[in-house]
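User: Hi! I'm new to reading protein models. Could you walk me through this one?

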Amino acid sequence: MKMIFKYLTSITLSILLTGVVHATPELPDNVQVFTSLEKTSFSINDKLMVSVTYRNVGNQTVSLLKWDTALNGGLTEDLFSIEFNNQQIPYTGIHAKRLAPSPSDFVQLAPGESVTGAVSLQRSYPINFKGYYTIAMRNSGALASKTQSPLAFNLTADRPIIEAKRPARFQSCSASQIASTDAALTSAERIANTAINDLRGTPVALRPSALRYREWFGSYSAGRYSQVEGGMARIASALSNQTIGFNCDCTNQEGVNPDNTFAFVFPNDPYNMTLCGVFFRVPRDGTDSKSGTIVHEISHFNVVASSDDFGSALDQSGSRRLANSSPTSAIRNANAFEYFAENTPFLQMALPADLAVVSATSSKSRPSAGQPVTIVGVISNVGDGLASASVVGVTLSDVSGNVQTAETTVSPLDAGENFDFEINFRAPDALGEYTVDVCVSEVVGESNTNNNCMALTAILVRESVTITPILPLLLDD
């Protein structure tokens, strides 16, 4: 039987906090939503309560289903977009399967009438670390999406993390080993679900520039990304839905040194793993941690991701080199799945691009009507992420408005890369002064669009002048 091992490398500690967006049910037409916080600063013992008001701004009574709103006594859906350190907080509350609603599940709102409900955040979102958060209602209807700007609040101290318990079977494990492994299993489930949510939640156009993906799995292709996404989804599903078996006796397997081995599995024996000495010496979270080891070992099972261990990629440095040299191997690297999920040091998925027109000059400032004009310049990606293909265009305008445009395609630009462009057009037939603007189109996820345009010195179109050559006068001697 084939055995797969994980060996000791470096150990650091970090905490991962990213999230996923869930679908939110539509509200009836003419229902507008407003949120409010009791205060803007919460201590460790304060309840994180949010009040939500639903108002009928139409001229007819509406029937509002209380399910998946703040009127149901608790959250059963991802109602809020909460951000911390520019990262989405995942929704960790319940989703319910129900029978059809009864009349008591509705509230009737007459024109101008409103109803308010309050819900607790801490039971449904992991708001655990001190600092500033923003909160807004997720779009649940045209009116709800335009009600107000996000609210902000400050958590003044870290809150204890309450871990859920996942089912597990233990063999030859002491009480302390069971406790630490059970805690690591819960953490492994959390980081694996966060990892798949991040993969799924990254817009397709930004995936080629996803720094975290490229760090561990190499250059982007749609096929490889899909394979990684599928493997991570099965890892998360196994950790959330399967009973994991742990054997803490690592002394009886040929070829295994318990003192330098984290764990091993037989890939065709899901979902059982043997834990070795290193596993119980490393932290629960962080690089090469207990929780990461569980993600790593789960990925090996044939029914999950059929990952492998590469001798050149037994630590982070080796895994980065494998990602750079062989992306087709990196997407099968068990350590790549682990390091992507652990995410220490922290890396964002999609870094924003920022296209800018950094220079542009015109070949003529006083062209004749219909005369060719050339504008040359440079487009630069001054952002941190890959910019997809775009268009740079020239617009000529007079007092009556835009009268002429010309454009050319800009190729995809990596961070810091430039594109030299040349646009040719003919001066308008109508005489007069024209303003000239050069603009590059916005790309998906662009962080700043204020530098996408540059105004050039106005050009003056003048009347064509016909020059008659002067023939030399021949004189007789």
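User: How many bridges pair β18 with β21, and in which sense?

Analyst: This is a predicted model. In it, strand β18 (residues 390-398) and strand β21 (residues 432-440) pair over 6 bridges, in the antiparallel sense.

User: And what stands opposite Val392?

Analyst: That's Val440 in β21.

User: What is the strand order of the sheet?

Analyst: The order is β19-β18-β21-β22, an open sheet of 4 strands with antiparallel pairing. β19 (401-410) and β22 (453-461) each have a single partner strand, so they stand at the edges, with one side of each left without a neighbour in the sheet. On average, neighbouring strands here are turned by 20° against each other, direction ignored.

User: Nice. Switching to helices: at what angle do α3 and α4 pack?

Analyst: Helix α3 (residues 222-241) and helix α4 (residues 290-300) pack at about 110°, and their axes are 9 Å apart. The two helices are therefore roughly perpendicular to each other.

User: Which residues make the contact?

Analyst: From α3 there are Ile235, Ala238 and Leu239, while α4 brings Ile294, Val295, Ile298 and Ser299. By class, that contact has 6 nonpolar residues, 1 polar and no charged ones.

User: One last thing: where is Thr287, and is it buried or exposed?

Analyst: Thr287 sits in the loop between β15 (272-275) and α4. Its relative accessible area is 2%, so Thr287 counts as buried.

User: What does its side chain join up with?

Analyst: The side chain of Thr287 is joined to that of Thr344 by a polar contact of 2.5 Å.

How values were computed: Residues are numbered from 1 along each chain as its sequence is written. This is a predicted model: local features need pLDDT of at least 70, side-chain atom pairs count only at pLDDT 80 or more; totals for chains, interfaces and linings use all residues. Side-chain values use heavy atoms; hydrogens and water are left out. Axes are lines fitted to C-alpha atoms, for helices over the stretch in contact, and angles run from 0 to 180 degrees between N-to-C directions. Angles under 35 degrees count as roughly parallel, over 145 as roughly antiparallel, 65 to 115 as roughly perpendicular and the rest as oblique. Contact means heavy atoms within 4.5 Å. Ala, Val, Leu, Ile, Met, Phe, Trp, Tyr, Cys and Pro count as nonpolar, Asp, Glu, Lys and Arg as charged, and the others, Gly among them, as polar. Buried means under 20% relative accessible area, exposed over 50%, partly exposed in between (1.4 Å probe, protein chains only). A polar contact is a pair of N or O atoms within 3.5 Å; within protein, one must be able to donate a hydrogen and the other to accept it, and residues adjacent in sequence count only if both atoms are side-chain atoms. Two strands pair if DSSP finds at least two bridges between them.
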